[in-house]
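Please load the model in a viewer and keep the sequence panel open beside it.

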2 protein chains.
Amino acid sequence: MREVVAGVDIGGTNTVFGLVDMDGMILSEGKLSTVAYPKVEDFVAALSSSVNELLKGQKDLVLRAMGIGAPNANYHKGTIELAPNLAWKGVVPLADLMTKEINLPVSMTNDANAAAMGERRFGAAKYIRDFIILTLGTGLGSGIIINGELVYGHTGFAGELGHMTIVKDGRECGCGRKGCLETYASATGLVRTVSCLLSIRREESPLRDIPPSELTSRKVAEAALNNDAIALEAFDYTARMLALGIVNSIIFSSPKAIFLFGGLAQAGDLLFKPVRKYVDEMVQPIFRGTVEILPSGIQEANAAVLGAAALAWKELSK
Amino acid sequence: MREVVAGVDIGGTNTVFGLVDMDGMILSEGKLSTVAYPKVEDFVAALSSSVNELLKGQKDLVLRAMGIGAPNANYHKGTIELAPNLAWKGVVPLADLMTKEINLPVSMTNDANAAAMGERRFGAAKYIRDFIILTLGTGLGSGIIINGELVYGHTGFAGELGHMTIVKDGRECGCGRKGCLETYASATGLVRTVSCLLSIRREESPLRDIPPSELTSRKVAEAALNNDAIALEAFDYTARMLALGIVNSIIFSSPKAIFLFGGLAQAGDLLFKPVRKYVDEMVQPIFRGTVEILPSGIQEANAAVLGAAALAWKELSK
């Protein structure tokens, strides 16, 4: 008899899920098309039967709970609220619907918060009580752990560091405002910086031969590794903006570590070296040398499922 | 028999202290010159005997603990570290010294953190689990409460929102950096803004007749109440910068309330009205309408002693 939880990651296109034991071992995994279920009730039924299939495929497993990472998830209410990339409109009481379906505790938070819980339970933050994880993908998500606990805040939506205003009247953000951190410090932000630099600088660059719509942070990283001046400057600028966001987070909660995760963090030293340098330069003297900037200890491919599973285990232990 | 704690506020010039019961009633108060004791051991002895004097003056009191608010206080270590305005140099283990002297638990944090604890225990935040208090004086101090607990962070120095960078290469700050929130949003920041506006605008203003070194936030407030254009614009600008700092704090911890406290907050509507307007304009849509901007519920004169006492009571309840 082995106890497991279901870790579920709901994305705009697909939903991935897995059965995860207490040690963070993923025993079995599955995938479901999110877009195939425009009615949330149908999605709930499909997810439930898919998880049951996984359980049948393994011997002696007992499902104890489900954790869900989803966009715009409200931890306090167990709802998904006004998620622009999902077909389910308005405020969707997904945790309640799921609990009724599987008759087990279901908890829910957004993917960056889930990543923080995964890092704390199964990753590089097992012994770190105060840290922040920044997920650098299309946008910049964040999960904040203080005193070993995730910060949800009054609304359940705390930890939106991607929307820290760092440049007055800066780049337009998807949130309708301007100058948000994620418009500079994310995979998309890096690409926007390249476009800007191509307009300012005159150097030749292979990046000039790629249509802007096809430019990715990986291609910029490849160019940077080939010593392309534009790409290198773009990484340096991105790192400086990210460092500014990090420095403004350090004065808030004084973490022991900042973990960088996601597509842009894969660039390794290209990003980490200048970020560390700029944080050290810009941080308030009282915090200098007190914070490590580290890569996540969890494999990108498993992070979403492990994070959601960590949430489920955490709730069970309460 | 009535149980009390000693609430102590150490300032650069004077130290004030009082005996405070569980309901936040100050039964007796005293004052000590901080500068008269350049050796910390002498200060400890003097404070101890002064508190004993207070106790003797009241019947049937039992002292249970001491809480101290002090500049650059490290809660975790019970030390005062590199405080520029105190004669005691280096890292001073004040809590330990005091504990040995009075043989009771002694805890310590900085004055803004103490203000937050006072607000939570005795003030307007009794039923608010997630809030931030901003003390707007010479600088901008802050205390952050999440889930009912003060945020100390890994170092014990968390909650330095006055040093959030809000203007790149902006005004010089006492911390050695530039563009910190407190260089704009504090009593001193308001005065700096007036100086700047006097150089830019041509309007007549009674503020032109006051030497910059004698200009205070109160005088600016008086001019504003007389509809002086420069003073009104200075308050508007200060409110806008403060709102930016508040908005960047809301995305972090999603508080239910932000309390404004201290000299500048005394300006009332002159400050609160534009701050509320700008916060509403600038805040990320997901948090719009979720945060109240409120005056502190504690009288300025009692805040320091009550805050330190609240810390002591909190520690006793652990």
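Begin with strand β9 of chain A, where both faces are covered: A:F131, A:I133 and A:T135 are buried on one side, and A:I132, A:L134 and A:L136 are buried on the other. The model is a predicted one. Selecting residues 131-136 of chain A therefore shows a strand that is mostly covered, with six of its six residues buried, since a residue counts as buried when 20 or more other C-beta atoms lie within 10 Å of its own.

To locate one of the bridges, select A:L136 and its partner in β10(A), A:L140.

Then select residues 257-261 of chain A, strand β12. Here β9(A) pairs in the parallel sense, over five bridges. A:F131 has A:A257 as its bridge partner in β12(A). Strands of a sheet pair through backbone hydrogen bonds, in either a parallel or an antiparallel manner.

**A three-strand sheet in chain A**

Move to the open sheet of chain A whose three strands are ordered β5-β6-β7, with antiparallel pairing. Strands β5 (73-74) and β7 (91-92) of chain A lie at the edges with a single partner strand each, so one side of each has no neighbour in the sheet. Selecting residues 79-81 of chain A displays β6, which is joined to β5(A) by antiparallel pairing over two bridges. Within that pairing, A:N74 has A:T79 of β6(A) as its bridge partner.

**The five-strand sheet of chain B**

Turn to chain B and display the open sheet of five strands in the order β11-β10-β9-β12-β13, in which the pairing is mixed. Which strands stand at the edges of this sheet? They are β11 (149-150) and β13 (292-295) of chain B; each has a single partner strand, so one side of each is left without a neighbour in the sheet. Strand β10 (residues 140-146) of chain B runs antiparallel to β11(B) and is joined to β11(B) by two bridges. Select B:I146 to see B:E149 of β11(B) standing opposite.

**B:I133 and its surroundings**

Now centre the view on B:I133, which belongs to strand β9 (residues 131-136) of chain B. Is B:I133 buried or exposed? B:I133 counts as buried because it has 34 C-beta neighbours inside 10 Å. Beyond its neighbours within four places in sequence, its contacts include B:A112, B:A115, B:A116 and B:E119, as well as B:F259, B:F261 and B:S296.

**Helix α3 of chain B**

Select residues 111-122 of chain B, helix α3. At 1.5 Å a residue, its twelve residues should span 16 Å, and the end C-alpha atoms are 16 Å apart, which agrees. The helix is mostly covered, with twelve of its twelve residues buried. Among them are the charged side chains B:D111, B:E119, B:R120 and B:R121.

**Where the chains meet**

Finally, show both chains together: the contact takes 33 residues from chain B and 32 residues from chain A. On the side of chain B that touches chain A, helix α6 (residues 229-253) of chain B gives the most, with six residues. The residues of that side divide into 15 nonpolar, 13 polar and five charged.

Conventions: Residues are numbered from 1 along each chain as its sequence is written. Chains are lettered from A and ligands numbered from 1 in the order in which they are written. This is a predicted model: local features need pLDDT of at least 70, side-chain atom pairs count only at pLDDT 80 or more; totals for chains, interfaces and linings use all residues. Two strands pair if DSSP finds at least two bridges between them. Helices (H or I, at least four residues) and strands (E, at least two) are DSSP runs, numbered from the N terminus. Two residues are in contact if their C-beta atoms, placed from the backbone, lie within 7 Å. The expected span of a helix is 1.5 Å times one less than its number of residues.
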